[in-house]
Amino acid sequence: YCRNSIQQLELPQRKAALIVPAFETLHYRLTFPKSKAELLSMLDMGSLYTFRYHVWPKGHAPTDYAKWRTATVPYRVAWQPDFEPYVVVRRDCPKYDQRFVGFGWNKVSHIMELDAQEYELLVLPNAFMIHMPHAPSFDISKFRLSAGYRGCLQTLREEFHQDLSRRYGAAALKYLTAERSL
């Protein structure tokens, strides 16, 4: 389905990021749904949830899961602060910023950069992924326990915003404005 979507949407010729809606389960064993209809049934029964809805809804809310439920064609969504979807992009897209290793802001900064370069953010109506439970990473533990880690991440975020402003000028002001209003 993703390969067909890449061709149908002419991804090699356009600046677009194809968003794969993410879901999660709290079960360590799961029979992976074979279709969107099966996934929706599992979602309605409570064996699946939209990804991180209970701990970080801003990360995936712009995907617009309510719209996805009935969508039959790809639909465009707008960038919002802290948006961090899983995407399929061309190989020549901007790379992840290497400042953001470990936990925090790797996908957020990447989507921000894609948006700054005017990539379309297109949600695929029949694609999905499921995050399985696992032990917390060492880096998320450091983030949660260390004020120093969080402070360093904040410094890197500020540097990233400054770099965006230098590269994209006034168009990048929306990212800084969004960050300050949070």
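**Briefing on selected residues and cores**

Asp82 is placed in the loop between strand S4 (75-77) and strand S5 (86-88); helices (H or I, at least four residues) and strands (E, at least two) are DSSP runs, numbered from the N terminus. The model is predicted, so local features need pLDDT of at least 70 and side-chain atom pairs count only at pLDDT 80 or more, while totals for chains, interfaces and linings use all residues. Residues are numbered from 1 along each chain as its sequence is written, and side-chain values use heavy atoms, with hydrogens and water left out.

**Buried polar residues**

- Asp82 counts as buried at 5% relative accessibility, where buried means under 20% relative accessible area, exposed over 50%, and partly exposed in between (1.4 Å probe, protein chains only).
- The side chains of Asp82 and Lys58 are joined by a polar contact of 3.2 Å. A polar contact is a pair of N or O atoms within 3.5 Å; within protein, one must be able to donate a hydrogen and the other to accept it, and residues adjacent in sequence count only if both atoms are side-chain atoms.
- Ser109 is found in helix H4 and counts as buried, with 1% relative accessibility.
- The side chain of Ser109 reaches the backbone oxygen of Asn106 at 3.1 Å.
- Not counting residues up to four places away in sequence, Ser109 touches Asp97, Phe100 and Phe160; contact means heavy atoms within 4.5 Å.

**Nonpolar cores**

- The largest nonpolar core has 35 residues, of which Phe23, Trp68, Met112 and Leu121 touch the most other members. A nonpolar core is a set of buried Ala, Val, Leu, Ile, Met, Phe, Trp, Tyr and Cys residues joined through side-chain atoms within 4.5 Å.
- H4 gives the largest share of this core, 5 residues.
- Leaving aside neighbours within four places in sequence, the contacts of Leu121 include Ala17, Ile19, Tyr75 and Ile111.
- A second, separate core of 8 residues includes Leu9, Leu11, Ala16 and Leu124.

- Arg52 is partly exposed, with a relative accessible area of 27%.
- Glu118 also is not a glycine and has a positive phi of about 65°; Glu118 lies in the loop between helix H4 (106-116) and strand S6 (120-123).
- Glu118 is exposed, with a relative accessible area of 66%.
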